[in-house]
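Work through the exercises below with the sequence and the model open. Try each task before you read its solution.

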Amino acid sequence: MVLSRLLKLLLVVVVSGATAEASKPDPKLKNLQDIIEAWAPLVWLHPEEVFFPSSVDFHFQHTEVKTSNETVVQTSPDRYTVLTGPDTSDMHLNSVPDLDCPDCLLDWFAGENATPVKVSTYVFIRDYNDSCGTVDVVYRSFYPYNYGKDVCVGIPLGEKCEGFMQSFGDHVGDWEHYSIRIRNNKVTKCYVSVHSFGASYTWNDTTNNFQFLEGEESRVAIDVINVTYPKTVEVVEGFHAELFSANGSHGLWSQLGTHEYVHFPIHLRDQTERGYPWRTWENLEVVNYDPDTEYEGELHYLGYRGRWGNLKRGCEVFEVVSGECILDSGPGFWRPWPSDFPNDCPDF
């Protein structure tokens, strides 16, 4: 059963020892539970999106576990039975059926449309137990498939291509995230993750929004450029950050429109728009995560340390041209511990 709004977001409390099970809510966490739900983001999926998010359960039922040499070691995994532990770090969840070509698509890559289906968002908590009352919360979303970018293989002539267009950076499995920092039960910062980079914002009580603090640079092969980040993260329907998921590739931005993050030698752009509203707070699976705990039951899957999609294919000359393969390796997930903010309390 997916942990959602049972008894108003019953928090999963880590129990020391070999297992972790749900227990009675800790009174001191009551306000934290309210904050987690009240500040969960509203994510706009692009109106032309065809690769929707899904639960991890949906993904598991379409995959099998393989080793790095493509040997099947587990068929029909699920959150209760998937292989776990350090030995799984070189394994991956491979699509069933396997792909006939690097850019071949399977029907289930479409995921679950988050408008009619209340798709799970996975929330992980890090309590520093410091004098500043610091708690970091990361909202993680999962997509069965990431469609990369179409790149000109040849000579780009303005908006035309003398050669042919090829997609690069596709991958099976896609984890995205958004984080908030809480100090003494007050949200003070947020972090918006784009792809392999992102930006931090600070909360402003006067303007009632998050304002830009600092951003990370985009890195593609040897090319490094500055990314133009939106200046604010606005909140809607209360305190829910309004975020925009890039069409196909799902990187998050806090402003709609076109966002170019690589200019040369190729142009990589994210397209965002208000299309399908995903109110993530309608189905949150919340975990007070401890990396040293061996989870059982519904949280058993957190011990899986491998990749969440097929291994890369279609590299050859294409990787030289774009910095990526046609099909990149699926992303890793372990460990899901929030780590977007510095340990800047005087305790450290």
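Buried means under 20% relative accessible area, exposed means over 50%, and partly exposed is in between (1.4 Å probe, protein chains only). The model is predicted: local features need pLDDT of at least 70, side-chain atom pairs count only at pLDDT 80 or more, and totals for chains, interfaces and linings use all residues. Residues are numbered from 1 along each chain as its sequence is written, and side-chain values use heavy atoms, without hydrogens and water.

**Exercise 1. Salt bridges**

Solution. 
- Step 1. Apply the cut-off: a side-chain nitrogen of Lys or Arg within 4 Å of a carboxyl oxygen of Asp or Glu. The structure holds 13 such salt bridges.
- Step 2. E242 lies in strand 17 (residues 240-245) and R274 in the loop between strand 20 (268-272) and strand 21 (276-279), so the pair ties together parts 32 residues apart in sequence. Strands (E, at least two residues) and helices (H or I, at least four) are DSSP runs, numbered from the N terminus.
- Step 3. Check accessibility. E242 is buried at 11%; R274 is partly exposed at 41%.
- Step 4. Take D344. D344 lies in the segment after helix 3 (316-322) and R183 in strand 9 (residues 171-183), so parts 161 residues apart in sequence are tied together. D344 is partly exposed, with a relative accessible area of 39%.
- Step 5. Follow shared partners. They join D136, R181, R183, K189 and D344 into one network.

**Exercise 2. Aromatic pairs**

Task: Classify the pairs W175 with W308 and Y229 with W253.

Solution. 
- Step 1. Set the rule. Rings of Phe, Tyr and Trp (its six-membered ring) pair if their centres lie within 6.5 Å; planes under 30 degrees apart are stacked, over 60 edge-to-face, and the rest tilted. The count comes to 28 aromatic pairs.
- Step 2. W175 and W308 are 5.4 Å centre to centre with 90 degrees between the planes, which is edge-to-face. W175 lies in strand 9 and W308 in the loop between strand 22 (284-288) and helix 3, so the pair ties together parts 133 residues apart in sequence. W175 and W308 are both buried.
- Step 3. Y229 and W253 have ring centres 6.2 Å apart and planes at 35 degrees, so this pair is tilted. Both Y229 and W253 are buried.
- Step 4. Look for a cluster. Ring pairs link a set of residues, including F60, W175, Y304, W308 and F333.

**Exercise 3. Disulfides**

Task: Which cysteine does C132 join, and which does C315 join?

Solution. 
- Step 1. A disulfide needs two cysteine sulfur atoms within 2.5 Å. The structure holds three.
- Step 2. C132 joins C345, S to S 2.2 Å. The S-S torsion is about 90 degrees, so the disulfide is right-handed. C132 sits in the loop between strand 5 and strand 6 (134-146) and C345 in the segment after helix 3, 213 residues apart. C345 is buried at 2%.
- Step 3. C315 joins C325, S to S 2.0 Å. Its torsion is about 95 degrees, so this disulfide is right-handed. C315 is buried at 13% and C325 is buried at 0%.
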